[in-house]
Amino acid sequence: MKVKVKQWHAVAQWRWDTGYNNDQDDDGEDVCGICRVPYEGCCPSCKMPGDDCPLIWGECTHVFHMHCLLKWIGTAASKQQCPMDRKPWVNAERKIGSAPPS
Ligand SMILES: [Zn+2]
Ligand SMILES: [Zn+2]
Ligand SMILES: [Zn+2]
């Protein structure tokens, strides 16, 4: 897990107000940058981790729960940017908005 700590510090001023009061994230825990829940957990919208709550990778190398990211991207404030570094979000796996196979 490569985490650019310097970059994290540069953008640390932005974060959701989760009510959490820990600043122990400096070494880059494996947590979703949006909801602060570990990747192996699920987003706040889901009850069970796993295939129903997949992770999503951006070309900027940030990883989020897919649901968290989609929710974020859906807000006007996001400007379609990564919430961590404010780079235009580009899905590293497949384009957002493409219909999932069903
Ligand atoms: Zn999340
Ligand atoms: Zn979810
Ligand atoms: Zn990013």
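Here is a short chat about the predicted model shown above.

Colleague: Hi! How many helices and strands does the protein have?

Modeller: Hello! The protein has two helices and two strands. Going along the sequence, their pattern is α-β-β-α.

Colleague: Nice. And what share of the residues is buried?

Modeller: Of the 102 residues in the protein, 21% are buried.

Colleague: Which residues make up the largest nonpolar core?

Modeller: That core has twelve residues. Among them are Ile34, Ile56, Val63, Phe64, Leu69 and Trp72, and there are several cysteines too, including Cys32 and Cys68.

Colleague: Which element gives the most to this core?

Modeller: That is α2, with four residues. The elements giving two or more residues are α2 and β2, where β2 covers 63-65. In general, nonpolar side chains in soluble globular proteins tend to be buried together.

Colleague: New topic: where is lysine 87?

Modeller: Lysine 87 lies in the segment after α2, the helix spanning 66-73.

Colleague: Why does lysine 87 count as partly exposed?

Modeller: Because lysine 87 has 13 C-beta neighbours inside 10 Å. A residue is called exposed at 12 or fewer and buried at 20 or more.

Colleague: And what does lysine 87 contact, beyond four places in sequence?

Modeller: Lysine 87 is in contact with Cys60, Gln81 and Cys82. Also, glycine 58 is 29 residues away from lysine 87 in sequence, and their C-alpha atoms are 9.7 Å apart.

Note on methods. Residues numbered from 1 in each chain as written. Chains lettered and ligands numbered in written order. Predicted model: local features only at pLDDT ≥ 70, side-chain atom pairs only at ≥ 80, totals over all residues. Contact = placed C-beta atoms within 7 Å. Core = buried A, V, L, I, M, F, W, Y, C linked by C-beta atoms within 7 Å.
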